[in-house]
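Here are a few worked exercises to go through with the model open in your viewer. Try each task before you read its solution.

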Amino acid sequence: MFDNALDYCQSLPAVTTEKKWDNELRFFVGEKLFCMISLDPPHRISFKCTPNQYHQLIAKRGIVPAPYLARYHWVQLQQEDIMPGPELEHFLHDAYDLILGTLPPYEQEAIEKLRKLNA
């Protein structure tokens with residue numbers, strides 16, 4: 001699942017990555033963060049979600065408020081097998097769309113054009 005999450009995030013249009021000192025790979029769209037994946041086991045995955053999703057997710061075993069980002073409705077999966085792959089991809093796509101929606105209109109339009117070209 002770790003490799004699938006990495007591949008999925010990198011497949012989204014206009015996504016850039018940055019590796020930080022804590023050995024996390026961070027995924028951005030339009031210079032805004034939407035997901036982080038630790039490269040060291042256990043592979044923790046953190047992502048942005050809606051307030052409703054946030055409360056539903058942290059009620060599940062193995063999913064906690066993301067350190068430093070919980071107030072912005074970020075969750076962290078404590079290990080990679082907490083959630084089935086298709087469900088995780090759904091949440092990662094939602095995180096991407098949430099952040100995409102906060103970008104200026106001209107950036108959103110450019111990314112939507114990329115999305116249509118890649119479809």
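**Exercise 1. Find the aromatic pairs and classify them.**

Step 1. A search of the whole structure turns up 3 aromatic pairs; rings of Phe, Tyr and Trp (its six-membered ring) pair if their centres lie within 6.5 Å, and planes under 30 degrees apart count as stacked, over 60 as edge-to-face and the rest as tilted. Before going on, a word on ground rules: this is a predicted model, where local features need pLDDT of at least 70 and side-chain atom pairs count only at pLDDT 80 or more, while totals for chains, interfaces and linings use all residues. Residues are numbered from 1 along each chain as its sequence is written, and side-chain values use heavy atoms, with hydrogens and water left out.

Step 2. Take Phe-34 and Tyr-96: the ring centres are 5.5 Å apart and the planes sit at 80 degrees, so this pair is edge-to-face. Phe-34 belongs to strand β3 and Tyr-96 to helix α3, 62 residues apart, so to speak a link between distant parts of the chain (helices, H or I with at least four residues, and strands, E with at least two, are DSSP runs numbered from the N terminus).

Step 3. Check burial, where buried means under 20% relative accessible area, exposed over 50%, and partly exposed in between (1.4 Å probe, protein chains only). Phe-34 is buried at 0%, and Tyr-96 is buried at 0%.

Step 4. Now Phe-47 and Phe-91: with centres 5.9 Å apart and planes at 25 degrees, the pair is stacked. Phe-47 lies in β4 and Phe-91 in α3, so the pair ties together parts 44 residues apart in sequence. Phe-47 is buried at 0% and Phe-91 is buried at 11%.

Step 5. Look for a cluster: ring pairs link Phe-27, Phe-34 and Tyr-96.

**Exercise 2. Decide which side of α1 faces inward.**

Step 1. List the buried residues of α1 (residues 2-11): Phe-2, Ala-5, Leu-6, Tyr-8 and Cys-9.

Step 2. They cover an arc of only 165 degrees around the axis, which puts them on the same side of α1; the arc is that of the directions from the helix axis to the C-beta atoms.

Step 3. Look at the face turned away from that buried side: Asp-3 and Ser-11 are exposed there.

Step 4. Find the packing partners. The buried residues of α1 pack against β1, β2, β3, β4 and α3, contact meaning heavy atoms within 4.5 Å.
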